[in-house]
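Here is a walk through one structure, side chain by side chain. Have a look at it first, then read on.

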Amino acid sequence: MDLQKFLVLFATFVILSIPLAFVTKNSEQEKVLSLRNSNLMQLKKKNKCPNCDLSSLNMKGLDLSRSELEGAYLNRANLNKVDLVGANLAGVYLSDADLSAANMRGVNLSEAELDRANLTLANLAEANLTGAILNGANLGKANMSNADLTRASLVGVNLNKTNLT
């Protein structure tokens, strides 16, 4: 086979492989999203989903009070105005999550990771934040009265007008 025929065959192979790679990537993303939505349905039905992946999902305004989410992945999730009163979120991953105006009174966030989370106007009164990582989080105008911040990391946190009494 001469070089010209080889290059034509190789180029044809490469061109035909590109759509397959694109379809495979999209189907993998669809599987992940389907699993996350399935986890969300479990949470809504049983009020618990420990160690499950709920990353990037829109849960705005849901009632998740007293839910069991220990160790769950909620990175980049929209939890705006969600009710998490008395929920167990120990060891959860909430980096870059939107928890603005969330009601989190008495929530257990011990050892949770909340890097760069938006907690503006959130109610964290009486919350357990022992050992939590809140680096770069926005806690502007949040209510953190009687919250336990023992060993919490607060590097670069916005505490503008936050109630810490």
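Arg151 counts as exposed, at 59% relative accessibility; that label means over 50% relative accessible area, while buried means under 20% and partly exposed is in between (1.4 Å probe, protein chains only). Its side chain meets that of Glu111 in a salt bridge (3.0 Å, N to O), a term for a side-chain nitrogen of Lys or Arg within 4 Å of a carboxyl oxygen of Asp or Glu. Both Glu111 and Arg151 lie in the segment after H1, so the pair ties together parts that are 40 residues apart in sequence. Helices here are DSSP runs (H or I, at least four residues), as are strands (E, at least two), numbered from the N terminus.

Before going further, a word on the source: this is a predicted model, where local features need pLDDT of at least 70 and side-chain atom pairs count only at pLDDT 80 or more, while totals for chains, interfaces and linings use all residues. Residues are numbered from 1 along each chain as its sequence is written, and side-chain values use heavy atoms, with hydrogens and water left out.

Back to Glu111: at 45% relative accessibility, this residue counts as partly exposed. Its backbone is worth a look too, as phi of Glu111 is near 60°, a positive value in a residue other than glycine. Lys141 also has phi near 60°, again positive without being a glycine, and the place of Lys141 is in the segment after H1.

A search of the whole structure finds 5 salt bridges. Side chains of opposite charge can pair when their charged atoms come close. Among the bridges are these:

| Pair | N to O distance |
|---|---|
| Glu28 and Lys31 | 3.7 Å |
| Asp96 and Arg116 | 2.9 Å |
| Glu111 and Arg151 | 3.0 Å |

Glu28 and Lys31 both sit in helix H1, 3 residues apart, about one turn of the helix. Of these two, Glu28 counts as partly exposed at 42% relative accessibility, and Lys31 as exposed at 54%. Asp96 is partly exposed as well, at 35% relative accessibility.

Now for the inside. The largest nonpolar core has 42 residues, and those with the most contacts inside it include Leu99, Met104 and Leu124. Such a core is a set of buried Ala, Val, Leu, Ile, Met, Phe, Trp, Tyr and Cys residues joined through side-chain atoms within 4.5 Å. Leaving aside neighbours within four places in sequence, Leu124 is in contact with residues including Met104, Leu139, Met144 and Ser145; contact means heavy atoms within 4.5 Å.

Ser145 is buried, with a relative accessible area of 14%. Ser145 and Leu124 are 21 residues apart in sequence and 7.3 Å apart in space, C-alpha to C-alpha. The side chains of Ser145 and Asn143 are joined by a polar contact of 3.0 Å. That term covers a pair of N or O atoms within 3.5 Å; within protein, one must be able to donate a hydrogen and the other to accept it, and residues adjacent in sequence count only if both atoms are side-chain atoms.

Met144 is buried too, at 3% relative accessible area. Its C-alpha is 7.1 Å from that of Thr162, which is 18 residues apart from Met144 in sequence.

Finally, the structure holds 1 disulfide, that is, a pair of cysteine sulfur atoms within 2.5 Å. Cys49 and Cys52 form it, with their sulfur atoms 2.2 Å apart. Cys49 is buried at 1% relative accessible area, and Cys52 is buried at 6%.
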